Amino acid sequence: MAAAHFNRERTRRRIAVVFFFWSLISLSCAGRLPVERQKLDVQKHLNRLNKPAVETIKSLDGDTIDCVPISQQPAFDHPFLKDHKIQMRPNYHPEGLYDDNKVSTKAKDRTNPINQLWHMNGKCPEGTIPIRRTKKDDVLRASSVKRFGKKKRRTVPQPRSADPGLMNENGHQHAIAYVEGGKYYGAKATINVWEPKIQQPNEFSLSQLWVLGGSFGEDLNSIEAGWQVSPDLYGDNNTRLFTYWTSDAYQATGCYNLLCSGFIQINSEIAMGASISPVSAFRNSQYDISILIWKDPKEGNWWMQFGNDYVMGYWPSFLFSYLADSASMIEWGGEVVNSQPDGQHTSTQMGSGRFPEEGFGKSSYFRNIQFVDESNNLKAPKGIGTFTEQSNCYDVQSGSNGDWGHYIYYGGPGRNPNCP
Ligand SMILES: *[C@@H]1O[C@H](CO)[C@@H](O)[C@H](O)[C@H]1NC(C)=O
C-alpha cells in the first residue's frame, strides 16, 4: 500500500518535472519558430526563383546575372505550362513581316545598341536566358515572402473615376495619356530614360505603358512594361527595365519581371530587371527605349519587344481573362508612390523631375505613341486623353508633330511650394 502510494507520488512528480521542461522548451520554441520558419520560407522561395545556371556574369552594379537554360526558366513551374512547347518566334509582327535576320534573338549588326550594364562583363550563351539573381536581402525587404515581386493593389490610374480619394488610396500618383472605348491588340512607344530621385526606399518612380483589360474591378487584367527606380525591389537607385502582369488587379496573380511563373522569355541578351545605361542628363544627351507589346492573332499570346532588335518573349494567353480576347484601354506615362513622409507630399520625382512646360532635354517624354488596332496594325490615336491626380505635383501635356507622331511630356518634382 505504502509502496504503491510512494510510486504514484514519484510518477506524479516526474510528470510535473517533465511538464515543466516541456513548457520551457515549447515557450522558447514559440519565440524562435517564426524566425526559423521565415528563414526557411525565404530560402525555399530563393530556390524556386534562382534556377541552376550554365554560366554566371557579375555586373558592376552588384547584380548577378544567371544564364539559365531556356526550358528551365521560372515560367515552367506553372502547372499549365508543364507540356508547353516554347514559341521561339511570334507568328505575326505588327510592323510587317520581317526576315529572320532582323528579328532574331541573336546579336547582328546593330546601329545603336541599347546597353544593359552587365553586358560589359559578358554575354549569355545561346539556348539560355539571362535572369537577374534574387538575393536574400531582396526578399527580406518585401512586406512578406508572398508579396515579394508584387505591386500593391489598386495602382492603375483610373482617368474617369469620379472619386479621387479612392484613386489615391495607397498614395500612388500618375501623369498619363490614354485611349479607351475600342478593342486594342497592343501598344508601342519610345520612352525617354532618366534616373529620378526617390525620397524614401518604400517609394518608387516608373515610366511605362499599360495594356488593360476589363473594368477596374477585382479582375482587372494588366500587362505593363517600361523603366523604374525602386529601392525596395532592387536595393539601389538604378534605372531598370521591367515588366509586370496581373489578371486579378494585383491580388494573387502576377509579378514584376520573372519573379513568378508566367512570362516566357526567349531572348538571350536582355535581362528583365537589369540596369539600363546610360540615362539622360539635364540639358544634355537624351536616351530613350522603345517598347512594343502586341497580341499574336493566331496563338493569342501577348509578345514584347525591347528596342528594334530584341523580341523578349511572351505572356501566354491563358494567364488572362479579358486580355485573352483584347485590351479595352491603353495608358502611357509615369507613376510614383507618395507615402507622405513627414506628413508632406513626397519629393520623389517623376520622369526627369521637371514639369512638361520645360520641353525637350529637361522634361521627360514618350514619343511615337501608338496602339495596335482590330486589324492588327499599329495606329496613331485620333484623340488622346490625359490624366493626373494633382497637376501641381506631376503633370502631363500631349501633342503631335511629323517627327515624333503623338507624344507627351510628363512628370514633375513632387513636393514644391504649389504641392505642399
Ligand atoms: C538612394 O537615394 C537616396 C536619396 O535619393 C539615398 O538616401 C540612398 O542612400 C540611395 N540608396 C542607395 C542604395 O544608393
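1. A cavity is here a set of grid points where a 1.4 Å probe fits but cannot get out. In this predicted model, the structure holds one cavity of 30 Å³ or more, and the largest cavity takes in about 150 Å³ of space.

2. The lining of the largest cavity is made up of 14 residues, and those nearest its centre are Arg132, Thr134, Asn257, Leu259 and Met272. Two elements, strand 4 (128–132) and helix 4 (231–234), are the ones that give two or more residues to this lining.

3. Turning to the ligand, the residues around it are Lys197, Ile198, Gly235, Asp236 and Asn237. Of the accessible area of 360 Å² that the ligand has on its own, the protein covers 36%. By class, the shell around the ligand consists of one nonpolar, two polar and two charged residues.

4. Which atoms of the protein lie 2.4 Å and 3.0 Å from an oxygen atom of the ligand? At 2.4 Å from a ligand oxygen atom there is an N or O atom in the side chain of Asn237, while a polar backbone atom of Ile198 lies 3.0 Å from an oxygen atom of the ligand. Both pairs can be read against the cut-off for a polar contact, which is a pair of N or O atoms within 3.5 Å.

How values were computed
Residues numbered from 1 in each chain as written. Predicted model: local features only at pLDDT ≥ 70, side-chain atom pairs only at ≥ 80, totals over all residues. Heavy atoms only, no water. Near = heavy atom within 4 Å. Polar contact = N/O pair within 3.5 Å; in protein donor to acceptor, adjacent residues only side chain to side chain. Areas by Shrake-Rupley, 256 points an atom, 1.4 Å probe, with all protein chains shown as cover. Nonpolar A, V, L, I, M, F, W, Y, C, P; charged D, E, K, R; others polar. 1 Å grid on protein atoms, 1.4 Å probe; cavity = no way out; pocket = protein on both sides within 12 Å on 5 of 7 lines; lining within 4 Å. Points joined across faces, edges and corners; volume = space filled by probe spheres on them. Helix = DSSP H or I, 4+ residues; strand = E, 2+ residues; numbered from the N terminus.
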